[in-house]
Every structure is written in structure tokens, then in C-alpha cells.
Amino acid sequence: MTVLKNLNSAASYVRQRLTARQQRKFIQRHASELYQLPTGENRYKVALYFADEMVNAYQIRQWYEPLKHLAQHVPVVVITRRPDSALELREECPLPIHYAPTIEDVEKLVNTQDLRLVFYVNQNIRNFQMMRFNSPDHVFISHGESEKAYMWSNQLKAYDYVFSAGQAARDRLDLHLRNFDAQSRTRLIGRPQIDVSYLAPYSLNTSLPTVLYAPTWEGDRPSMQYGSVVSHGEKLVEALIKDGGFNVIFRPHPRSGVNSAAYGQAVGRIREKLATANATSAARLLFDDTTHWGWQWSASDLCITDISAVAYDFMATGKPMFVTTPVSKEATVTDSPALSKVPGLDSEASEDICTLVRSALSEEDERLREVVEYYFGDVSPGASMERFVSESLALVEARAEG
């Protein structure tokens, strides 16, 4: 145990100070201590496969708690293929991490364990190296519910099943995917993340309402240009700051600025404005870059976001929200039951956001109940988590019988 503790301390140093090549050498030298595979009844039955770099770790972080619940019933492991991700995930992830850099390492894991179910949170091309194994069921769980074209990618046909939030997702797949039986290939699990209690890392002025502005990134292609930071963000944040009657939590997407320097610069300007105004404001004006997503839902009274998974996460709370209208004519915008019933926010209306927010907070919107049911099913406390665990265990048991 002492040896492993010392190795963990060394791993932290290695992750922060050494190159990727040196990290790989360190892991190879200590693989037997750092990444032991269990035997007997403790063999892994469920895995989450994450072949990506840590810039995309937000995709896996939201599944930590649901997988912890599942791990109370069956052994669960996270498989990663990159040395930097392996070392960093060891420090933050509450689940066992196994580093498998080569396909031989993946084969060893599959051959020695009792894997019956493998989850995937994204469409990394290296997913297909894992999907070549026939023994486990391969299940796409995504990293959020949204109306983005990503949600009906033809790549979904490669998986045995898709875990979807609700009937809306099943209907979406039925509409857009050819030769795909959405009824039999999807399992409806709600949004288990809403059943997790998160500790808020910040204090707010509880006498003021709190507005969460959580825009998506700029996208990596014309059809995915949903981000509102440049078109809406600076204007609406300036208006909220000037008004002084709202706490503001600004949480930009972790990939903001990756493909557009101008987008990243706009995020930086908003951050500076919030920091400057926060020093003298009675309201709490926060730039939020915390690793975990979830505490913001309960801390906020209203959300402004883009066509993204954030809209659907917050929708399940039943609180009022606005979804920005993309200014790009090339962005794919579909007819959506959710977007038709959730108020939209044009770029021109951003300057009047304070009036719009006050109006929304003073009214009850009964239309949201219908939308929430369609997109998430039963969202009573604990219901989504129970469905995720039960659907996962059903597949685990079915593979045992098969």
C-alpha cells in the first residue's frame, strides 16, 4: 500500500512535469502497480471507454456519479488510451482507471476480465478499436441531450444500443436515421445527472436572483455554429452587470476558442468585465471554470444557453430559461418541440435581457411540464438514476445468459 501511495504521488509529479513520451515510460515501468487487473469475482463487468485527451474530459466527468451508483452492483472500470489522460484521471476520477495504450493491452483486458457492457461518451475514432470485440454490448451514452445534428449521427448505427434521455431522442433517431430500429436499439434512462447532489463551490447573494449564462463553443464546422458568446454574450452580460440586480454565473464551454481566436477573446473579455465589476457589486458575478457541471442547476433561478446539451440539462429543473437563436445561417436548426416552447433570444434582444429575465421569473410556464416529460420521462427525485442502473444491469445480465 505504501509503495502504491508513493507511486501515486510520483504520478502526479510526472503528469505535471514530464513530456508525453516520458509519461509513457513512467507508466510502462510501473504498470503492474498502477494498473493491476482484478481476478475472480472482482473482474470488471462494465467499462467506460475514453480514448480522448483531457480537454474533452468534461464528457466523462458528468458520468462519474451515475457510474459510482452502478459500481455498487457490478465492478466498473474506465479504460483510457493516452498516458496524460490516464495519470490525470487517476487523480480525479472516483472509479478505477486502466491504461491500455496498445490494442494488445486492450485485448489483454478483454480476455482476462468479464466485460459485458462498454459505454462510450463520444465518437472518437479509436472507439472502433474497442468495438471490434463481440463479447460485450457496446452502448453509446453521449455527453448530453440536445438538438444538435451530432445526436443523430450515422455513427450511432455502430453501437449495439443507445442510451437516450426520453421519447424525444427516440423519435429523433427514428426520423433521421435510415435502417435503424430506434424502438429496439434505444433504452430510455432520463438524465441521471439531475439526481446527483453537488456541493456549490461559491457563495451567492441569496437576496438576488441568479442567472446562469452557459453558452456552447463556436463549433468545428458551419452546421455546428451555435455559440452565442460573440453575437449575444457580451451585450447580455454587460446589461446584467449594469443592472446590478442579478447574480451572474458565466460558464463558457471548455472548448471555447479552440477553433476561433475571436470567440476565445470574447470569453476573455467577459471574464475580465465580471471580475472588475464583482469587486464593487452587491451581486456575485462569477466566471465559472470548475470541473464539475451540476451544482449550477440548483444555484440558478434562470438559464440562458445555446442549442446544446446545457439547455436540456437545465430544462429538467422546470425553471425558466432562454435559448439563443444562432446568427449563422449555416447552423443546423431543426423543428424541435423543446425549442418551440422555450423562449428564444435573438441577438438584438440581448440588451433587454434584464426586462426579459424579470418577466420570466414572475410567470409560471405550464408548457415546460409537457416538454420535460417528452424529453426526460419521469424526473421525480431518483427516477432517472434508477432507470440508468436498471437498464445497465439488464444488459449485464443478458450478456451473462447469452
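In what order do the 6 strands of the open sheet stand, and is their pairing parallel or antiparallel? In this predicted model, the order is β10-β9-β8-β11-β12-β13, and the strands pair in a parallel manner. At the edges stand β10, which covers residues 285–287, and β13, which covers 344–345; each has a single partner strand, so one side of each is left without a neighbour in the sheet.

Helix α10, made of residues 229–243, packs on this sheet and touches β8, β9, β10, β11 (302–305), β12 (321–324) and β13, while the direction of α10 makes about 160° with that of β8. Within the sheet, strand β8 (residues 210–214) runs parallel to strand β9 (residues 247–250), and 4 bridges join the two; V211 stands opposite V248 in β9. A further helix, α11, formed by residues 261–278, lies across β9 and β10 and runs at about 145° to β10.

When the whole structure is searched, 1 cavity of 30 Å³ or more is found, and the largest cavity holds about 180 Å³ of space. Its lining consists of 20 residues, of which S142, E145, M151, F163 and S164 are the closest to the centre. Sorted by class, the lining of the largest cavity has 12 nonpolar residues, together with 5 polar and 3 charged ones. Strand β6 (161–164) and helix α8 (167–176) each supply at least two residues of this lining.

Methods. Residues numbered from 1 in each chain as written. Predicted model: local features only at pLDDT ≥ 70, side-chain atom pairs only at ≥ 80, totals over all residues. Heavy atoms only, no water. 1 Å grid on protein atoms, 1.4 Å probe; cavity = no way out; pocket = protein on both sides within 12 Å on 5 of 7 lines; lining within 4 Å. Points joined across faces, edges and corners; volume = space filled by probe spheres on them. Nonpolar A, V, L, I, M, F, W, Y, C, P; charged D, E, K, R; others polar. Pairing = 2+ DSSP bridges. Contact = heavy atoms within 4.5 Å. Axes fitted to C-alpha atoms, helices over the stretch in contact; angles between N-to-C directions.
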